[in-house]
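Good morning, and thank you for coming.

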Amino acid sequence: FLMFAGGALAAMLVALLGAPLWAQVLVFAVVSVVLLMAVRPWAKDWLARSSPTTNTNARAHVGRPATVLIDVTEHAGRVKLMGEVWTARAAQPGAVLPAGTTARVVRIDGAIAVVEGVDAPHYT
């Protein structure tokens, strides 16, 4: 919206000079488009460089341990992940992770945790 504010500022300056309404609208549109095309890509790159690369939301769960609550197969199951119960699926076809074992989250598919077995101590 900053680019539109620049367009509005330019239109205001033209209005102060006594330009008709159609000229003000034209100046607003042209300046806004020029700013969008020139400034926005630079600003987007700058913001991307200054933003942290920490995984958040579902991506933050990848690699975390989960406790199997209901046997996990390639089709269904339940795990406890960071205190929440998730629907789970085994990452390897034919694998069965029995209840009580520890699994590692490989990826998140929507609301389903895709897990694989680990030989690690029990975490919760």
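Which residues of the largest nonpolar core touch the most other members? Before I answer, a word on conventions. This is a predicted model, in which local features need pLDDT of at least 70 and side-chain atom pairs count only at pLDDT 80 or more, while totals for chains, interfaces and linings use all residues. Residues are numbered from 1 along each chain as its sequence is written, and side-chain values use heavy atoms, with hydrogens and water left out.

To the core, then. Of its 15 residues, those touching the most other members are V68, V72, V79, W86, L97, A113 and V115. At least two residues of this core come from each of β1 (65–70), β2 (78–81), β3 (84–90), β4 (102–109) and β5 (112–117). By a nonpolar core I mean a set of buried Ala, Val, Leu, Ile, Met, Phe, Trp, Tyr and Cys residues joined through side-chain atoms within 4.5 Å. Buried stands for under 20% relative accessible area, exposed for over 50%, and partly exposed for what lies in between, with a 1.4 Å probe and protein chains only. Helices (H or I, at least four residues) and strands (E, at least two) are DSSP runs, numbered from the N terminus. As general background, nonpolar side chains tend to be buried together in soluble globular proteins.

Setting aside residues up to four places away in sequence, V72 touches G77, R78, V79, A88, R89, A90, A95, V96, L97 and V115; contact here means heavy atoms within 4.5 Å.

What does the record say about this part of the chain? An unreviewed UniProt entry lists residues 60–116 as "domain: NfeD-like C-terminal". UniProt positions are given in the numbering used here, with shortened feature names, and annotations may be inferred rather than shown by experiment. Over residues 60–116 the model is 0% helix and 53% strand, with the end C-alpha atoms 17 Å apart.

Within that range, H61 sits in the loop between α2 (21–50) and β1. Is H61 buried or exposed? H61 is buried, at a relative accessible area of 11%. Beyond four places in sequence, its contacts are L81, M82, W86, V105 and I108. One of these contacts, M82, has a positive phi of about 55° although it is not a glycine. M82 lies in the loop between β2 and β3 and is exposed, at 53% relative accessibility.

I turn now to the charged side chains. How many salt bridges does the structure hold? There are three, a salt bridge being a side-chain nitrogen of Lys or Arg within 4 Å of a carboxyl oxygen of Asp or Glu. One of them joins D109 to R89, at 2.6 Å from N to O. D109 belongs to strand β4 and R89 to strand β3, so this pair ties together parts that are 20 residues apart in sequence. Both are partly exposed, D109 at 30% and R89 at 23% relative accessibility.

D109 also forms a salt bridge with R107, whose closest N and O atoms are 3.4 Å apart. R107 is partly exposed, with a relative accessible area of 38%. Through shared partners, R89, R107 and D109 are joined into one network.

There is also the salt bridge between E116 and R104, with the closest N and O atoms 3.6 Å apart. This pair links distant parts of the chain, with E116 in strand β5 and R104 in strand β4, twelve residues apart. E116 is partly exposed at 25%, as is R104 at 36%.

Finally, the helical part and the surface. S32, in helix α2, is buried, with a relative accessible area of 2%. Leaving aside neighbours within four places in sequence, S32 is in contact with M3, F4 and G7.

Which residues form the nonpolar patch on the surface? They are F1, F4, F28, V33, L36 and M37, with about 660 Å² of accessible area together. Patches are made of residues with over 30% relative accessible area and no salt bridge, where like charges are joined within 9 Å and nonpolar side chains (Val, Leu, Ile, Met, Phe, Trp, Tyr) within 5 Å. Accessible areas come from the Shrake-Rupley method with a 1.4 Å probe, and for residues only the protein chains shown count as cover. Helix α2 gives the largest share of the patch, four residues. F1, in the segment before α1 (2–16), is exposed, with a relative accessible area of 87%.

Thank you for your attention.
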